Amino acid sequence: MSRETFESGETFDAVIVGAGTAGMPCAITAAQHGARVAVVEKTAEVGGSLHVSAGSMSAAGTRRQRERGIDDDPRLHLDDIIRITRGTANPALARLAVEEAPHAVDWLDELGYAFDEATPLIYSGYEPYSRARVYFGQDLARSIYVVLRPLWDEHVAAGRIVPFLETSLQSLLLDEQRVVGVTACRKTGELTLRSQAVVLATGGYGSNPELFSELTPGSPRLVSATRLSSTGDGLQIAREHGAAVRGTEHYLGTIGGIEEEPGSGRSDWWAGYANIYPSERPPAEIHVNGHGVRFVAEDHPSPDLRQRIQLEQPDGKLWVVFGAGALKAGEPLVPQWDAATFRRKAREGRCAFSASTLRELAGRAGIDADGLERTVRAWNEAVRTGVDPLGRREPGPPIDTPPYYALLTHPISLLTFAGLAVDTDLRVLSESGVPIEGLHAIGEVIGGSAVTGNAFCTGMMVTPALSFGRIVGRRLTVSV
C-alpha cells in the first residue's frame, strides 16, 4: 500500500519523524502491538546512521554474556557510566537505558543479528568498562539494519507502517497545548498528518555549523563526520513550540579526525582517520599543538584524558609529527592509507605535509617553527636517554631522518551532545519542566549527554536509541 493512497489530514495512532536507529524500532514495536503509524523520513532511504556508523552497543545481562560465563547486570553497567561520566549523565535516563539495553540486544539476537564473534568485549578506544559488555556486528551498524528491515517491510506491506520518504518536517500541529500531528513537505506539496502522538527521532545537528556553534559554546570549529541530513530539524521545531534543550555545557570531540578538504568542516571517518589510539596501535610519532609543543604522553592509557587535553590546545588541533623511518615501520598511522598514499597526500599539502627540514615542515603545516625544532630536539634526547619528561613509556624512535612528515588532525563530531529535555516516559519537556502533551523524543535528538554526560561511554548512543524506540513504541499502543 503506497503512501500516495493516503490523503493529507488522515489520522494515525502516531507519527514518527525519522526512520533511523531509534525511529525504525519505535515504528516496528508500535506496529507489532497493533498501532498504525506514519513515518516521516527526510531522506530517500530508511535506516539513518545504521548505514554508516560502527554500531557499537553496550548492554549488561544479555543472553550472549551468560552463554560466555560473563557475570554482569544493569546495576554494574550504571555504576560504570557514573564513573566514566563523573556523574554528569542524567541518572534517571541512564538507569532506564541500561535496564532496557539487555532486552534490546537479546531482541536483535532473536532476529538473527550477526554478532562479531569476538563480542562481547572490553573496548579501549574510549574509557573502558569494567566488564565485557560491548557488541559489534559483523557488518558494523548495517548488521542491525539487516535484521530490522524485514520486520519494517512486513509492517509496511500490511499497512501498519506508512512511510513518507523524502519528506521534511515543517511544523507541529497543536490543539490548544497538545501536539496532534505534523505538517511536512515533499515534492508533491505540503502534507498534514494527524495523530494521537508525535515522536521525534530526527537525529542530531552535527551537520549544522550554526546550530552546533549555538549549542556547543566554547568548542573548536565544527569538523563533522555525521550524516549530511543531521541538521537538527526536530530539535529546532520543538524548540519553537517551547521545548527545553539540555546538555549545552557538555562536549567532547573524537580525536584523530582528518579534514581532507581544508575548511570544509567535513571528515569521512571511514575513508581516513589517524589511529592515535595506543590501545590499538603503539605510537611511533609525537603529537604537537600549533606552538609545536607536546602536551601529553602519546601512549597515555586514558582515552578520556587525551581527548580533554587536546580540546585545551589552540583550536583543538593536533599534528602528528614523525620522520622517514616511522612511515615504514609498524601499522600505518592512517589505516586506510598505505605509505605511497600518505606520501602523495603529504606532497599535496592539504591535511598531510612533508619537507626536508623541520623548519620547512612547520611552515607548510602551520606549526610554530622554533617550537617544533625545540620539541624535536628534546624528543630525540628523551629517546637517547630513555626518559621522557611527559612520561611516555616507550620513547623511540627518534625524529632525525628526512623527509619529515606532519598530519593535521581535529576533534571531530560523530554525535552531538545537547538535545531536547525529556522525562523517563520520553515525553518532551517545556522550559518550565512540564511535559508537552502528545510529544515524545528518542535517539540523538535528546542529545548524547542525556545518557553519557560529558564523556564517551561505548555503545551508549546506539543501544539507548534502540531501547528508547522500543519503550516509546510500546507506550504508543496503550490507548490503541
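Let's start with Glu 166, which counts as partly exposed because its relative accessibility is 36%. You'll find Glu 166 in the loop between β6 (161–164) and β7. This is a predicted model, and in it the phi of Glu 166 is near 50°, a positive value in a residue that isn't glycine.

Leu 426 also has a positive phi, about 60°, and isn't a glycine either. Leu 426 sits in the loop between β17 (419–420) and β18 (427–429). Is Leu 426 buried or exposed? With a relative accessibility of 0%, Leu 426 counts as buried.

## Two cis peptide bonds

Next, a look at the backbone around two prolines. Thr 119 and Pro 120 are joined by a cis peptide bond, with omega at about 5°. Pro 120 belongs to the loop between α4 and β5 (134–135).

The bond from Pro 402 to Pro 403 is cis too, and its omega is near 0°. For Pro 403, the place to look is the loop between α12 (369–385) and β16.

Now for the inside of the protein. In soluble globular proteins, nonpolar side chains tend to be buried together. Here the largest nonpolar core has 103 residues, and Trp 152 and Leu 420 are the ones with the most contacts inside it. Which helix gives the most to this core? That's helix α4 (residues 91–110), with 9 residues.

Leu 420 has quite a list of partners. Setting aside neighbours within four places in sequence, Leu 420 is in contact with residues including Leu 200, Leu 235, Val 245, Val 428, Val 445 and Ile 446.

## Helices and their packing

Helix α1 (residues 23–32) and helix α14 (residues 462–475) have axes that come within 7 Å and cross at roughly 30°. That angle makes α1 roughly parallel to α14, since angles under 35 degrees count that way. The crossing of these two helices, α1 and α14, is right-handed. On the α1 side, the contact is made by Pro 25, Cys 26, Thr 29 and Ala 30, while α14 brings Leu 466, Gly 469, Arg 470, Val 472, Gly 473 and Arg 474. Sorted by class, the contact of α1 with α14 has 5 nonpolar, 3 polar and 2 charged residues.

Helix α8 (residues 303–311) has its own buried set: Pro 303, Asp 304, Arg 306, Gln 307, Ile 309 and Gln 310. What do the buried residues of α8 pack against? Their partners are β12 (254–257), β14 (318–322) and β16 (404–412).

Gln 170 is in strand β7 (residues 168–175), and its relative accessibility of 41% means Gln 170 counts as partly exposed. Not counting residues up to four places away in sequence, Gln 170 touches Thr 183, Ala 184, Cys 185 and Ile 237. The C-alpha atoms of Gln 170 and Thr 183 are separated by 5.5 Å, with the two residues 13 apart along the chain.

Arg 246 is in strand β11 (residues 245–246), and it is partly exposed, with a relative accessible area of 41%. Neighbours within four places in sequence aside, Arg 246 is in contact with Phe 417, Ala 418, Gly 419, Ala 421 and Glu 431. Cys 26 is 220 residues from Arg 246 along the chain, and their C-alpha atoms are separated by 23 Å.

Key: Residues are numbered from 1 along each chain as its sequence is written. This is a predicted model: local features need pLDDT of at least 70, side-chain atom pairs count only at pLDDT 80 or more; totals for chains, interfaces and linings use all residues. Side-chain values use heavy atoms; hydrogens and water are left out. Axes are lines fitted to C-alpha atoms, for helices over the stretch in contact, and angles run from 0 to 180 degrees between N-to-C directions. Helices (H or I, at least four residues) and strands (E, at least two) are DSSP runs, numbered from the N terminus. Angles under 35 degrees count as roughly parallel, over 145 as roughly antiparallel, 65 to 115 as roughly perpendicular and the rest as oblique. A crossing is left-handed if the near helix is turned anticlockwise from the far one by less than a right angle, and right-handed if clockwise. Contact means heavy atoms within 4.5 Å. Ala, Val, Leu, Ile, Met, Phe, Trp, Tyr, Cys and Pro count as nonpolar, Asp, Glu, Lys and Arg as charged, and the others, Gly among them, as polar. Buried means under 20% relative accessible area, exposed over 50%, partly exposed in between (1.4 Å probe, protein chains only). A nonpolar core is a set of buried Ala, Val, Leu, Ile, Met, Phe, Trp, Tyr and Cys residues joined through side-chain atoms within 4.5 Å.
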